[in-house]
Amino acid sequence: MLALRTLEFDRIIDIVSSLALTPLGANALAELTPHTDPKSVAAAINATSETVGYLETNSLFPLRAGASLEEALAVLQVEGRSLDPLPLRATADFLDSVDAARTAIRNATGSFPILAAIAARAPDFKIEV
């Protein structure tokens, strides 16, 4: 624990979380903990390096989600009641941006296999949106 305080890991997480493009991303980044396995560390470094390379030659990921996204997603889990159009619209906009980000990575200038594998795991909601 002393090593984490010495490295100011909490400050690093705060800064990285503030760079997130969506509230879901910010929450996921805030939960990060240091890797201790050398293979996990190497994989994380490779993913970070590839992402930096992507951003050097391509535009920022087109993800968009308002601060109300988490609330909108929570409302969708309630059964037996009609849904308000604004949370549905917020969710549709977010899902559309996920598809746009996946397409941007697929069509990017350069080779980004780690990003492509991550993007391929995202379900395709184009028909629903």
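**Reading contacts and rings**

Mentor: Leaving out residues up to four places away in sequence, Thr-22 touches Leu-63, Arg-64, Ala-65 and Phe-94; contact here means heavy atoms within 4.5 Å. The model is predicted, so local features need pLDDT of at least 70 and side-chain atom pairs count only at pLDDT 80 or more, while totals for chains, interfaces and linings use all residues. Residues are numbered from 1 along each chain as its sequence is written, and side-chain values use heavy atoms, with hydrogens and water left out.

Trainee: Where is the place of Thr-22?

Mentor: Helices are DSSP runs of H or I with at least four residues, strands are runs of E with at least two, and both are numbered from the N terminus. Thr-22 is in the loop between helix 2 (9–18) and helix 3.

Trainee: Does Thr-22 count as buried or exposed?

Mentor: Buried means under 20% relative accessible area, exposed means over 50%, and partly exposed is in between (1.4 Å probe, protein chains only). Thr-22 counts as buried because its relative accessibility is 10%.

Trainee: Which backbone nitrogen lies 3.0 Å from a polar atom of the side chain of Thr-22?

Mentor: That of Gly-25. A polar contact is a pair of N or O atoms within 3.5 Å; within protein, one must be able to donate a hydrogen and the other to accept it, and residues adjacent in sequence count only if both atoms are side-chain atoms.

Trainee: Which residues does Ala-26 touch, not counting residues up to four places away in sequence?

Mentor: Ser-17 and Ala-20. Ala-26 is found in helix 3 (residues 23–30), and it counts as partly exposed because its relative accessibility is 23%.

Trainee: How many aromatic pairs does the count come to?

Mentor: Rings of Phe, Tyr and Trp (its six-membered ring) pair if their centres lie within 6.5 Å; planes under 30 degrees apart count as stacked, over 60 as edge-to-face and the rest as tilted. By this rule there are two aromatic pairs. Tyr-54 and Phe-61 are stacked, at 4.9 Å centre to centre with 5 degrees between the planes. Tyr-54 and Phe-112 are edge-to-face, at 5.3 Å centre to centre with 75 degrees between the planes.

Trainee: Why does the pair of Tyr-54 and Phe-112 tie together parts that are apart in sequence?

Mentor: Tyr-54 lies in helix 4 (residues 38–57) and Phe-112 in the loop between helix 6 (85–106) and helix 7 (113–120), so the pair ties together parts that are 58 residues apart in sequence. Both Tyr-54 and Phe-112 are buried. Ring pairs link Tyr-54, Phe-61 and Phe-112 into a cluster.
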